[in-house]
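Hi everyone, thanks for making time.

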Amino acid sequence: MTAIKHHIPDAMIAAYASGNLPHAFALVVATHVSICDECRAALGAHQAVGGVLLEHSDHVDVSKSMKSDLMAMLDAPVRPEPVYDARGVYPGPVMEALKGKAPRWKTLGMGVKQSILSATDSGSVRLLFIPAGQAVPDHSHNGLELTLVLQGSFSDETGRFGVGDVEIGDEALEHTPIADAGDACICLAATDAPLRFNALMPRLLQPFFRI
Ligand code: ZN
Ligand code: ZN
């Protein structure tokens with residue numbers, strides 16, 4: 001595997017370690033950590049610190065609100081966990097989200113396909129399939145977008161992203177990712193708000209594709 005150049009920011013790994021990341025982003029973090037030694041070490045460090053804090057808090061009374069927080073957490077979707085023996089295009093957490101089955105691709109036009117893994121009010125996460133040389137329509141973002149490359153690579157205004165690399169887009173980023181030559185580019189993409197497409201057609205189609 002080529003060396004990973006674009007990692008998960010430390011603050012996001014900390015949020016993941018403490019269980020404070022929306023499910024869609026947690027799946028991207030768990031998947032990246034599955035294939036990145038550097039972020040795996042960072043996660044281990046955060047989990048060690050979290051463990052120490054827990055050990056020193058056992059004399060604290062468990063308040064009613066804390067109990068209800070715990071009950072709410074039990075109802076929440078299970079946090080995706082890294083799987084360290086991941087092989088193939090889809091690392092363990094993605095296979096888990098796919099329930100071991102092949103992705104159910106829906107075409108977006110121009111050979112671009114998506115397979116939605118989960119979509120809720122707090123965000124959505126999907127697989128994107130982009131043929132070599134094909135562009136994803138120019139768009140900007142209402143919130144945060146995490147894009148993790150699982151196969152092939154893409155380039156946009158900010159740089160080149162290969163297998164394992166994560167691009168983080170926010171309100172300030174307007175970009176047109178284009179899959180590089182070679183293998184089709186397959187990405188895991190998570191957003192906490194709908195993307196804003198700048199051309200009319202994609203905007204009209206947006207409600208149908210829940211991008
Ligand atoms: Zn990393
Ligand atoms: Zn984007």
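**Around the zinc**

Let's start with His32, which is buried, at 0% relative accessibility. By buried I mean under 20% relative accessible area, while exposed is over 50% and partly exposed is in between, with a 1.4 Å probe and protein chains only.

Some housekeeping: this is a predicted model, where local features need pLDDT of at least 70 and side-chain atom pairs count only at pLDDT 80 or more, while totals for chains, interfaces and linings use all residues. Residues are numbered from 1 along each chain as its sequence is written, chains are lettered from A and ligands numbered from 1 in the order in which they are written, and side-chain values use heavy atoms, with hydrogens and water left out.

So what coordinates the zinc ion (ligand 1)? His7 through ND1, His32 through NE2, and Cys36 and Cys39 through SG, at 2.1 to 2.3 Å. Donors here are N, O and S atoms within 2.8 Å of the metal (3.2 Å for Na, K and Ca); water is not among the atoms, so sites may look incomplete. The angles among the 4 donor atoms run from 97 to 120 degrees, and the site is tetrahedral, a label that for four donors needs all angles between 85 and 135 degrees.

Helices (H or I, at least four residues) and strands (E, at least two) are DSSP runs, numbered from the N terminus.

Now the rings. There are 2 aromatic pairs; rings of Phe, Tyr and Trp (its six-membered ring) pair if their centres lie within 6.5 Å, with planes under 30 degrees apart stacked, over 60 edge-to-face and the rest tilted. Trp105 and Phe129 have centres 5.7 Å apart and planes at 65 degrees, so they're edge-to-face. Phe154 and Phe161 are stacked, at 5.1 Å centre to centre and 20 degrees between the planes. Phe154 is buried at 2%, and Phe161 is buried too, at 4%.

Last stop: Lys99, in the loop between H5 and S1. Most residues other than glycine have a negative phi. Lys99 isn't a glycine, yet has a positive phi of about 55 degrees. With 69% relative accessibility, Lys99 counts as exposed.

How values were computed:
Four donors count as tetrahedral if all angles lie between 85 and 135 degrees; four count as square planar and six as octahedral if opposite donors are over 155 degrees apart and all others between 65 and 115; anything else is irregular.
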